[in-house]
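User: I'm new to this one, could you walk me through it?
Analyst: Gladly, here it is.

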Amino acid sequence: MMKMVIAIVHDKDSARLSDALVEQDFRATKLATTGGFLKEGNTTFMMGIPQERLDDLMDVIQSNCSSRDQMITPISPMGGHADSYIPYPVEVQVGGATVFVLPIEGFHQF
Ligand code: 2BA
């Protein structure tokens, strides 16, 4: 049985994770993606693996990705209220990796 692991990874961890995946013989495809909330770049890894290797892959992801607190400052509103508008920074915790595990119906390489 194969699984598809989709991991959305913080950009700061993506190079390190890539290297670790190659080193441990995991195949991956990287997509340049953007977080819907922060609107910042992140990296999505697509990895097809046999189920027996799922725990090992999770270990590799967990040990190479760490969550961090990030401040976001809301942009001042348009239309003249900028004088009285005090933008206050908001802190969010951004995960090192958000991981989905999906079943695979078929796998072919031509
Ligand atoms: P972003 O959408 O840019 O979200 C960055 C962080 O902002 C999130 O970290 C979360 O702490 C916070 N956040 C997101 N939406 C929020 C909201 N509506 N209100 C308040 N805070 C909010 P993570 O949860 O660790 O997510 C990191 C990145 O993983 C996300 O970047 C997104 O690209 C992806 N992601 C997370 N959960 C997802 C899901 N259920 N489906 C698809 N992508 C997801």
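This is a predicted model: local features need pLDDT of at least 70, side-chain atom pairs count only at pLDDT 80 or more; totals for chains, interfaces and linings use all residues.

User: Which residues have the most contacts inside the largest nonpolar core?
Analyst: They are Val5, Leu17, Leu21, Phe45, Met47, Leu57 and Ile61, in a core of 15 residues. A nonpolar core here is a set of buried Ala, Val, Leu, Ile, Met, Phe, Trp, Tyr and Cys residues joined through side-chain atoms within 4.5 Å. Buried means under 20% relative accessible area, exposed over 50%, and partly exposed in between, with a 1.4 Å probe and protein chains only.

User: What is Ile61 in contact with, leaving aside neighbours within four places in sequence?
Analyst: Ile61 is in contact with Val5, Ala7, Leu17, Met47, Ala97 and Val99 on that count, where contact means heavy atoms within 4.5 Å.

User: Switching to the ligand, which residues surround it?
Analyst: The ligand is surrounded by Ile8, Gly35, Gly36, Phe37, Leu38, Asn42, Val92, Gln93, Val94, Gly95, Thr98 and Phe100, and a residue is listed if one of its heavy atoms lies within 4 Å of the molecule.

User: Where do polar atoms come in around the ligand's oxygen atoms?
Analyst: A backbone N or O atom of Leu38 lies 2.8 Å from an oxygen atom of the ligand, and a polar backbone atom of Gly95 is 2.6 Å from a ligand oxygen atom. From the side chain of Thr98, an N or O atom is 3.5 Å from an oxygen atom of the ligand.

User: Back to the protein, is His10 buried or exposed?
Analyst: His10, which is found in strand E1, counts as buried because its relative accessibility is 11%. Not counting residues up to four places away in sequence, His10 touches Arg68, Gln70, Val94, Gly95 and Gly96.

User: How do the side chains of His10 and Arg68 meet?
Analyst: They are joined by a polar contact of 3.5 Å; a polar contact is a pair of N or O atoms within 3.5 Å, and within protein one must be able to donate a hydrogen and the other to accept it, while residues adjacent in sequence count only if both atoms are side-chain atoms.

User: What about Asn64 and Gln62, buried or exposed?
Analyst: Both lie in helix H2, but Asn64 counts as buried at 12% relative accessibility, whereas Gln62 counts as exposed at 63%. Leaving aside neighbours within four places in sequence, Asn64 is in contact with Asp13, Arg16, Leu17 and Ala20.

User: Last one, where is Lys39, and what is its phi?
Analyst: Lys39 is in the loop between E2 and E3, and its phi is near 60 degrees, a positive value in a residue other than glycine. Lys39 counts as exposed because its relative accessibility is 64%.

How values were computed: Residues are numbered from 1 along each chain as its sequence is written. Side-chain values use heavy atoms; hydrogens and water are left out. Helices (H or I, at least four residues) and strands (E, at least two) are DSSP runs, numbered from the N terminus.
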